[in-house]
Amino acid sequence: MLEDVMIAPSILSADIANLAADLDAISTADYVHVDVMDGHFVPNLTFGPNVVKAVKANTSVPADVHLMISNPDEMAAEYAKAGADIVSFHIEAATHAHRIVSAIHEAGAKAGIVINPATPVSSLEAIIDDLDLVLVMSVNPGFGGQKFIPNSLRKVSQVRALAREHGVSPIIEVDGGCSAANAAELIEAGATMLVAGSAVYGKVDRAAAIAEIREAGRAGIAKRA
Ligand SMILES: O=C(CO)[C@@H](O)[C@H](O)COP(=O)(O)O
Ligand SMILES: [Co+2]
């Protein structure tokens, strides 16, 4: 049973020159979402483990690190060692997914797997038992502020069904184009955590934006099958 809707603002949309202040502004969030992009797996380039350390030094909000990198086999555990509370990597980039999950766990963090919009939920079947989190991308990764892909809703339901079938309850996170406008249907479909970049940092009052998305999402809890 979902306790409450979790919100993870993405600092991809924050002012990096004023990161400490922009972290203070989201102190009511459940996680701070850190988008790591390497310029290979996705065209864009962002943060490394040093930024995860800086985030951890400047907020008590747990860090949810989303790795969009070509080499999670080599690098995923480094982000756990840098202090990430959750480290998620893309199944499309992994050679030995089970080994990466074990390495993240051994380094002391929760482990998640991310699936792109064109990757089927069935790709999680052999590993869902070992995961703390499944992240459904609802945009093609690489940039903030993109339009939500509607088929993602069906994929969220499929992840929930797969988790139920396996008797596990990972966090089901959705990333890309999430806002108060689609929070209820996402939560109803089975999401438990929503990433919000522009929907939080694009607003002047970030705490109010978080509260608004959370409140909108709560309407979906009651409607769940
Ligand atoms: O991983 C990504 C993009 O690749 C996301 O975490 C974005 O940062 C979300 O931004 P919005 O769509 O919420 O503006
Ligand atoms: Co992300």
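Let's start with a pair of strands: β5 (residues 110-115) and β6 run parallel and are joined by four bridges. Helices and strands here are DSSP runs (H or I of at least four residues for helices, E of at least two for strands), numbered from the N terminus, and two strands pair if DSSP finds at least two bridges between them. Within this pairing, V114 stands opposite L135 in β6.

Before going on, please note that this is a predicted model, in which local features need pLDDT of at least 70 and side-chain atom pairs count only at pLDDT 80 or more, while totals for chains, interfaces and linings use all residues. Residues are numbered from 1 along each chain as its sequence is written, and chains are lettered from A and ligands numbered from 1 in the order in which they are written.

Back to β6, which also pairs with β7 (residues 171-175), again in the parallel sense, over five bridges. There the bridge partner of L135 is E173 in β7. How many of the five residues of β6 (133-137) are buried? Five of the five are, where buried means that 20 or more other C-beta atoms, placed from the backbone, lie within 10 Å of a residue's own. L133, L135 and M137 are buried on one side of β6, and V134 and V136 on the other.

Now let's zoom out. The protein has eight helices and eight strands, and 49% of its 225 residues count as buried. The C-alpha atoms fill a box of roughly 45 × 40 × 30 Å along the principal axes.

Inside, the largest nonpolar core has 77 residues; such a core is a set of buried Ala, Val, Leu, Ile, Met, Phe, Trp, Tyr and Cys residues joined through C-beta atoms within 7 Å. L186 is among those with the most contacts inside this core. Setting aside neighbours within four places in sequence, L186 is in contact (C-beta atoms, placed from the backbone, within 7 Å) with residues including L153, V174 and L194.

Finally, meet ligand 1, surrounded by 22 residues, each with its C-beta atom, placed from the backbone, within 6 Å of the ligand. The closest are L12, P141, G144, G197 and S198. At least two shell residues come from each of β2 (32-37), β8 (193-196) and α7 (198-201).

Note on methods
Buried ≥ 20, exposed ≤ 12 C-beta atoms within 10 Å, placed from the backbone. Contact = placed C-beta atoms within 7 Å.
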